[in-house]
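Visitor: I am new to this structure and would like to learn how to read it. Could you walk me through some features, one at a time?

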Amino acid sequence: MKNLLVAQSGGPSAAINATVAGVVERALISRKIQHIYGAVNGVKGVFAKNFIDLRQALSSPEKLQLLCNTPAAALGSCRLKLKGEDPQQFQELVSIFREFNIGYFVYIGGNDSMDTVAKLSQYIAQNHIDDIFVMGAPKTIDNDLKSTDHCPGYGSAAKYIAATFAELERDCHVYDIPAVTIVEVMGRNAGWLTAASALARLNGGRGPQLIYLCERPFDEEQFICDVKQQLQKSPAVLVAVSEGVKDASGLYLCEKQTHSGVDVFGHKQLSGTAKYLEHLVQREVGCKVRSIELSLMQRCASHIASQTDLQESKMLGVTAADCCLNGDSGKMAIVCRHSNAPYQVSYSSADIQGIANQEKKVPLEWISPEGSDITPELLEYMKPLIQGETYPKFENGVPVHLSLY
């Protein structure tokens, strides 16, 4: 018998722990697995040998369910980039796997996490190691991983964004004086989250009148024209904008206001797009204007998580564990969509080499020709992902969350 190790990395979400629950549930009934370990703080925790006994920590169905409804990364996260050209790190990881008799490793995360899966599985294959199997399980609210129809965490974040814009729209329209509200939504190079603001219109609400995704160059003059046109129709204008919108030269709007640093993966740290546009509207239009940055709130809003999202996240954990146990390695569990109405999906896996360091952006044909809205096709794509409500356990008026370490 071998042991299984599961870890999480990258940005947290409302659904990432459901994937851990799926991995654990599958491992609990396998005769191939003795111990189920969880690494604290991703691959950093593997190097530190900081492991949790998940059989003990998740010893009942009630705890597994509580884990599913717990936001963020219950095992902790990290942003550690492995050096593909340096075999020493991979030798050390394999040595640790041998020490703890780990034959199966499931790594849950987004694009950078799948880079880790790709590099480690490639090292294992190149060195003819045939008793360690590495699988990726997707997680990213950005919804930008290739090969899978959508990513766990996106549906819940989209549901939060849709509800937030629906509430903001009601708030904005109570006064009769001209006012513009600009809401900045996460999304560096992919506008899936910002597009979710349009879901606020599903029940007859006006939602945001203007939506700008980062897939299209942002034209400041056209933006001001759009705002002025909308103000002629209504005294209140609600705008959704991706944090990563760029001008025609490729410069992030937020960089015009402040210097952006970079993270360990070399990604620019974005913030301030809505504030920049607030100043632009104040200068060019002169009406009341405010900017809102949803920031971290959209990532882990488990009180409004999508039931569909949590169910699929759990199934992807089951799928990743199954693939490992069946001898697959160097792959990622994926969702395959078959239809929207009725909504039907299945689960499979895809080669990690075609996923790592790639980005799935919103197709340009799903953005309106004028660049300030989305098309009905994109709305139909998103609608099934936000269906169903979950009911977290409450005590003393606030949610109860599970702590693993």
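Predicted model: local features only at pLDDT ≥ 70, side-chain atom pairs only at ≥ 80, totals over all residues.

Guide: Gladly! At 40% relative accessibility, Glu284 is partly exposed, because partly exposed covers values between the buried limit of 20% and the exposed limit of 50%.

Visitor: How do the side chains of Glu284 and Arg283 meet?

Guide: The general idea comes first: side chains of opposite charge can pair when their charged atoms come close. Here, Glu284 and Arg283 form a salt bridge, with 3.4 Å from N to O. Salt bridges can also share partners, and in this way Lys2, Arg98 and Asp131 are joined into one network.

Visitor: How many salt bridges are there by this rule?

Guide: The count comes to 19 salt bridges. One of them pairs Lys275 with Glu278, whose closest N and O atoms are 3.1 Å apart. Both residues belong to helix α10 (residues 273–284), where they sit 3 residues apart, about one turn of the helix.

Visitor: Are Lys275 and Glu278 buried or exposed?

Guide: Lys275 is partly exposed, at a relative accessible area of 35%. Glu278 has 8% relative accessibility, so this residue counts as buried.

Visitor: Which parts of the chain does the salt bridge between Arg337 and Asp149 link?

Guide: The side chains of Arg337 and Asp149 meet at 2.9 Å, N to O. This pair links distant parts of the chain, 188 residues apart: Arg337 is in strand β10 (residues 331–340), while Asp149 is in the loop between β5 (133–138) and α7. Arg337 has a relative accessible area of 18%, so it is buried.

Visitor: Now for strands. In what order do the 4 strands of the open sheet come?

Guide: The order here is β7-β8-β6-β9, with parallel pairing. At the edges are β7 (210–212) and β9 (288–293), each of which pairs on one side only. From one strand to the next, the twist averages 15 degrees.

Visitor: How many bridges join β6 to β8?

Guide: Strands β6 (residues 179–185) and β8 (residues 236–242) run parallel and are joined by 7 bridges. For a landmark, look at Val180, which stands opposite Val237 in β8. Helix α7 packs on this sheet, where it touches β6, β8 and β9, and its direction makes about 155 degrees with that of β8. Another helix, α9 (residues 220–233), lies across β6, β7 and β8 and runs at about 160 degrees to β7.

Visitor: Which residues does Glu169 touch?

Guide: Glu169 is found in helix α7 (residues 154–172). Leaving aside residues up to four places away in sequence, Glu169 touches Gly205, Arg206, Gly207 and Leu238. With a relative accessible area of 3%, Glu169 is buried.

Visitor: Finally, how many residues does the largest nonpolar core have?

Guide: To read a core, look for buried nonpolar residues joined through their side chains. The largest one has 43 residues, and Leu4, Val6, Leu54, Leu58, Leu67, Val106 and Leu404 have the most contacts inside it. Beyond residues up to four places away in sequence, Leu4 touches several residues, including Val23, Ala27, Ile33 and Tyr104. There is also a second, separate core of 37 residues, which includes Ala157, Trp192, Ala198 and Ala240.

Notes
Residues numbered from 1 in each chain as written. Heavy atoms only, no water. Helix = DSSP H or I, 4+ residues; strand = E, 2+ residues; numbered from the N terminus. Buried < 20%, exposed > 50% of the residue type's maximum accessible area, 1.4 Å probe, protein only. Contact = heavy atoms within 4.5 Å. Salt bridge = Lys/Arg side-chain N within 4 Å of Asp/Glu carboxyl O. Pairing = 2+ DSSP bridges. Axes fitted to C-alpha atoms, helices over the stretch in contact; angles between N-to-C directions. Core = buried A, V, L, I, M, F, W, Y, C linked by side-chain atoms within 4.5 Å.
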